[in-house]
Amino acid sequence: MKLLLVIAALAAVGLLLYWGLHFYLSLSASRKLVERTTAFKNLSQNMSVPLLVLGDSTAVGIGANTPEESVPGRVAASLKATFVENHAVVGATVDDLRSQIAQAQLQHYRLILIQIGANDMVRFRDAEAAADVLADAVSKLPSADKVIVISAGDLGTARIFPPPLRHLYSSINRAYHRSFADVTNSQGVTYVDLSRGPGAERFAEDPAQYFADDNFHLSSEGYGLWFEAVQGHLPTR
C-alpha cells in the first residue's frame, strides 16, 4: 500500500511539473507573439467606409502571421473599409471597452466590430456580471450601420490548460455566449457565437493548425475560421 501511495505521489508531482513547464513555455511564446504583432488599422484621409474595432488581444490579432490575416484585417478587406480605427488592447476585459470607445474619432461608422470576453472568462468572472458591463458599453457606442460582437470560441479547446480546466472553461464559455447573446440582441446588436457552426469543432480536432505557438491565441488559420463565422453578418449595402 505504501509503495502505491509513493508511486501515486510521484506521478502527481510529475504531472504538476509537466503542466507547470507547459504553462511557462506557453506564456513565453505568448510574450513573443505580443511583441511582434501590430493591430490592423488604416488611418487614411478617406473616411467614406469607416470601421471601428474594439476589444482584446484577439482584435489586436495576436497569433496571426500578418495584421491582414486577423479578423479585423479580413473584415476590412471584405467591407472595403477605407478608414480603420483599432483601439483593441492586449489583456482587455469588458471593463476596458468604455475607455476604448472614448478614443473613437468619428460619430458614425459603417461597422463597429467588438471582440471581447476571453480575459473575463479566464479570470472566472460571472457571465451575467460581464454581460451587464458589455451592455452598458454597447449603449455608449457611436452610431453605426451595424455592430457585431464576438467573444472567444470554446476556451476548452485551448491546449494551454490541463484537461480538468478545459471542461470547466467550456462550461464558463457556454454561459458567456448565452449572456452576451441575450444582452446584445436586446439592443439590436448582432452577436456571433463562435462556439457554434461548422468550423467550431476544428479547433479541437486540429489545435496545432488553428492555435498559435502559445496554445491560447489563434493562428492565421484559426482567425480565418472566426472570420468565416462573421462574414455572413457583415453589412452588404
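**Group meeting: a walk through the predicted model**

Let me begin with helix H10 (residues 220-231), whose twelve residues should span 16 Å at 1.5 Å a residue, and because its end C-alpha atoms are 16 Å apart, the two values agree. The expected span here is 1.5 Å times one less than the number of residues in the helix. Helices (H or I, at least four residues) and strands (E, at least two) are DSSP runs, numbered from the N terminus.

Residues are numbered from 1 along each chain as its sequence is written, and side-chain values use heavy atoms, with hydrogens and water left out.

Which residues of H10 are buried? They are Ser220, Gly222, Tyr223, Gly224, Leu225, Trp226, Phe227 and Val230, where buried means under 20% relative accessible area, exposed means over 50%, and partly exposed lies in between (1.4 Å probe, protein chains only). The cover over these buried residues includes helix H2 (57-60), H3, S3, strand S4 (143-150), helix H8 (202-205) and helix H9 (207-210).

Now to the sheet, which is open, has five strands in the order S2-S1-S3-S4-S5, and is paired in parallel; two strands pair if DSSP finds at least two bridges between them. Its edge strands are strand S2 (83-86) and strand S5 (190-192), each of which pairs on one side only. On average, and with direction ignored, neighbouring strands of this sheet are turned by 20° against each other. Helix H3 (residues 71-79) packs on the sheet and touches S1, S2 and S3, and its direction makes about 150° with that of S3. For such angles, axes are lines fitted to C-alpha atoms, for helices over the stretch in contact, and the angles run from 0 to 180 degrees between N-to-C directions.

Let me stay with S1 for a moment, because six of its six residues are buried, so this strand is largely enclosed by the rest of the structure. Pro50, Leu52 and Leu54 lie on one side of S1, and Leu51, Val53 and Gly55 on the other. S1 is joined to the parallel strand S3 by five bridges; Leu54 has Ile114 as its bridge partner in S3, and Leu52 has Ile112. Towards S2, S1 pairs in the parallel sense over four bridges, and there the bridge partner of Val53 is Asn86.

The largest nonpolar core has 72 residues, and those with the most contacts inside it are Leu51, Val75, Ile114, Leu134 and Phe180. Helix H6 (residues 127-138) gives the most to this core, with seven residues. A nonpolar core is a set of buried Ala, Val, Leu, Ile, Met, Phe, Trp, Tyr and Cys residues joined through side-chain atoms within 4.5 Å. Leaving aside neighbours within four places in sequence, Val75 is in contact (heavy atoms within 4.5 Å) with Leu51, Leu111, Leu113, Phe227, Val230 and Leu234.

Finally, two loop residues. Thr37 sits in the loop between helix H1 (2-36) and strand S1 (50-55), and Thr37 counts as buried because its relative accessible area is 18%. Ala102, in the loop between helix H4 (97-101) and strand S3 (108-115), counts as exposed because its relative accessibility is 66%.

Conventions
Predicted model: local features only at pLDDT ≥ 70, side-chain atom pairs only at ≥ 80, totals over all residues.
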